[in-house]
Amino acid sequence: MNKNRLISSRIEESTPTEGVNLFSMKTGLSDAFTLRGSFLGGTFFADKENVCVPVVINALLDHGTRKKSKKVIRDQIEKRGANISFSPGIFRNSFVVTGLSKDISFLVGLLAEELSDPAFLVDDLALVKKQILTDLENEREDTESQARRLLSREIYPEGHPNRSHSLDELVELIKKVTLSQIKAFHKEHYGLGDFIIVATGDVNHKELEWMVKKSFSGWRTVKSGIPKIKPSTPKKYFEKSLFIAGKQNVDMFVGIPTGIDDKHKDYNALNLATFILGGNFSSRLMTHVRSEKGLTYHIYATLNGATDGRDGYFLIGGSFAPELFKQGKEATLLEVKKWVNVGINEAELNSKKQTVRNSFKVKMETTTALSSTILANAEDGRPTRYIDEYLDEIDRLTLKEVNSAIKKYIHPDKLVITSAGSIK
Amino acid sequence: MTKTQKRAEENRHAYPTKILNGPSGPDPYGRRSSGARFHFPIYDIYFVTMKATKQKHPGFSFVRSSGGIHEYTLNKNGLSVLVKEDHSVPVVTFMVTYRVGSRNEVVGNTGSTHILEHMMFKVSKNYPRDHARTFLEKGARQNATTWLDRTNYFHTLPVEYLEDNIGYEADRMRGALFLKKDLDTEMVVVRNEYERGENDPHQALDKEIWATAFQAHPYHHSTIGWKSDIENSTVESLKKFYDTFYWPNNVTVTIIGDVETGKALSLVKKYFEKVSRSPNPIPPMLMKEPKQEGPRRLVVSRPGETNIVGIGHKIPPALHEDTHSMQVLGTILASGKSSRLYRKLVDGGLATSVSVFGLPFHDEGLSVTYARLVRGVKHEQVEKVILSEYKQIKKSGVTKSEIKKAQAKIMCEFSFLGDGSYAVAGSLNETIAMGDWTFYTEFLGKIAKVGAGDIKRVANQYLVEHNSTTGYFVASKDVSHIKV
């Protein structure tokens, strides 16, 4: 039993209307609130012919509804000093609303209207497509984004949700998005069913229940669920580089699919091990590659892409001057090999357990971090108490479990290394 | 969706360089990207203010209170202390702000303040090497940043570790050791930080705009410094810089969080009182930028895809009476999707994003409007639209509803952007650097008083051609001059 129930005991939750799960937590922030949420309907649910449809829909959501023009809506939001934003995702699309507590009822209503009844005007579609296309073209010179995109395409097969499309593919797909595709996708996937709302700040749960019920009930229910994903398997060791002219920094990524999602019994052990390797300034990578050898400003290791039943991947990211790239890569791989072959020791394990527990306390001092944590937990389908129980699970990890996880899932002879910058 | 979209509105001059851009790349200020205004949390714990002022704290002189924050001076050495209690969570932020930044550098040692910041994490007289890491082990959020007017070191950590942290900061204030072997590795680290910035078209343009706008004043050069200065820094020059500026009478420490004021002050006294005041006065930076007498223009052309227009105008120092009017003007121009330039440029299909960076600094600074161009749009066309909007405001002013909207936006952002002890300390850090920390507590009140007449007046005074520096970032397909 977790004797430090910092967070979960302060969270209220209910289902104010069918298909909507509402969570709220009052914090010390006075007079203001953050409302964060998500629903299924991301790019993975789009037809294979055009996975970009959800992306364009997302960009059009704040371009007016059938009742109000975009000018009116934007004025209404901004004269209250508030903000409503939307982000597309692979499985889940998300939204964030911020504002003063006195306006929460109005803003919840407006959020519901923007999501359920967007205008989808042909002129706005043309405008948004032009903007997205420009951003995609600009991304060609972004070394970090390009190296990362390259990695995902090497370690995952086509059709896997963790595999990015190439920029060329995306450019062509965006051009082809039509209004009828947009309307059809919206009708099929935008609705209640797996809809989560998290409100933090100066909020009252009973009042929120009333607002959500008033604004969202009556909206259609959509069928949704995430299909089972076939896990990817690691390849042989492989390196791939993309030359981008005129860049003074090279971005490098090292990765391997783990084959497990974040609910797997080995996940926490592997995650803690990865944190020891590259989770903060006192990690092995920062200590040896940066502080001792002075090869990089920034290097880290993490596990990604393992939510919603996806088989995730282990990832190292680092930046190097072109003339130091080879040394930097070798120094990184040396640390990975030591980590795999020798493992971690008891002192490291205990120290990092303490770090995780204490840093959780520190992170949770902000309303933003709280709402993100509560939402992520809910998206993962876990009970609210898990937010605190997670710390107990970390405390129970043994040295044997952590070192076994490293050896089981990380194979230096199957790593993929990608880089982008002015190197040949 | 794309990384470019997410970064589209970032605009900052010589963005405060940090010792670490962590795995999640934390922005120490939790700063949002759209434009740049000051955002401070609203405080309503007034009764605590009254209680604190009546108590005496041995060794300290009470200076003043404002907005729930109390200022004291440590009598022995002139160290300034700001304290605010917040018992909502068992966490505290301890921040040390040295009133030295890249404005204190000269040609030949640009970047010194920042390299010194990196070196401060290495060895300190009474602590083992890399002792700073132990705070990470204890769960601290830790970093340091350098900018134009100040350098800060901070930890947000469980309150039980505050004393150890205070002791460490006091020790490295005058006990840091600068070894050549540490400088040899750290120079390469800093150079990579520089290289990463150079990869970003926006940062590259911003650097050049400031370098062109300021020809004498040290705001001319980016805080990261010029590359050759980074590479040629020496232990001796860093030590000289340290011995000139790193003294308690040139520092404000800020303590925000779950600690009683008396306890916080007694810990500060225990560890900082033994640090002597500077033997010589801290040298002031007296350079004033000569009056600009005509428009300045520049182009940065590099291989790539991104095209940007940046139009900068000189603006007064932070403590000038026109600052708040400029902040409201900047919001009306480009903050949010109902702002004038967003409607003309983004909704008009000419730009993917537009923002105004007008953060006020200790000395005369710049307000720069940035627009990222949609593919195929010409720089001249976007510049024309921006200048036309300026002309419109100078001629006809702005409406009352625009002002109200801007004020509401600023005030709302203040409410939740100052979320948590770190955000409060971070905001105070910038206003300490400006020259008066109460800029922070009085900001909202002054914003509320800005009227239409103020906006028209400052637009006519500052958004004028002879005061401008205009830069284009031009994506070039010609790579023949590039050496790989």
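This report walks through the overall build, the nonpolar cores and a few individual residues of a predicted model.

## Ground rules

Residues are numbered from 1 along each chain as its sequence is written, while chains are lettered from A and ligands numbered from 1 in the order in which they are written. Because this is a predicted model, local features need pLDDT of at least 70, side-chain atom pairs count only at pLDDT 80 or more, and totals for chains, interfaces and linings use all residues; side-chain values use heavy atoms, with hydrogens and water left out.

## Chain A as a whole

Let's start with the secondary structure: chain A holds 15 helices and 11 strands. Here helices (H or I, at least four residues) and strands (E, at least two) are DSSP runs, numbered from the N terminus. The C-alpha trace of chain A spans about 60 × 55 × 40 Å along its principal axes. Its radius of gyration is 23 Å, which agrees with the value near 22 Å that a compact globule of 424 residues would have; the radius is taken over C-alpha atoms, and the globule rule is 2.2 Å times the number of residues to the power 0.38.

Of the 424 residues in chain A, 63% are buried (under 20% relative accessible area, with exposed meaning over 50% and partly exposed in between; 1.4 Å probe, protein chains only). Among contacts in chain A with a separation of 6 or more, 81% join residues 24 or more positions apart, where contact means heavy atoms within 4.5 Å.

## Surface and charge

Chain A exposes about 16,600 Å², and carbon and sulfur atoms supply 52% of it. These areas come from the Shrake-Rupley method with a 1.4 Å probe; for residues, only the protein chains shown count as cover.

The chain carries 61 positive and 54 negative charges, and their mean positions are 2 Å apart. Lys and Arg count as positive and Asp and Glu as negative, with His and the chain ends not counted. The place of a charge is taken as NZ of Lys, CZ of Arg, CG of Asp or CD of Glu.

## Nonpolar cores

The largest nonpolar core has 116 residues, and Trp339(A) and Phe272(B) have the most contacts inside it. Helix α9 (residues 267–278) of chain A gives the largest share of this core, seven residues. A second, separate core of 59 residues includes Val20(A), Leu115(A), Leu133(A) and Tyr190(A). A core is a set of buried Ala, Val, Leu, Ile, Met, Phe, Trp, Tyr and Cys residues joined through side-chain atoms within 4.5 Å.

Leaving aside neighbours within four places in sequence, Phe272(B) has contacts that include Leu74(B), Phe94(B), Ile166(B), Met173(B) and Val253(B). Asn77(B) and Glu169(B) are also among them.

Ser166(A) sits in the loop between α5 (143–155) and α6 (167–176) of chain A, and counts as buried at 18% relative accessibility. Beyond its neighbours within four places in sequence, Ser166(A) contacts Arg149(A) and Arg153(A). Arg149(A) is 17 residues from Ser166(A) along the chain, with their C-alpha atoms separated by 7.3 Å.

Glu154(A) belongs to helix α5 itself and is buried, with a relative accessible area of 12%. Not counting residues up to four places away in sequence, Glu154(A) touches Lys235(A), Phe238(A), Lys240(A) and Val416(A).

## Positive phi at two aspartates

Asp308(A) has a phi near 55 degrees, a positive value in a residue other than glycine. Asp308(A) lies in the loop between β9 (299–304) and β10 (313–320) of chain A and is buried at 18% relative accessibility.

Asp130(B) has a positive phi of about 60 degrees. Its place is the loop between β6 (123–124) and α4 (132–137) of chain B, and Asp130(B) is partly exposed, with a relative accessible area of 23%.
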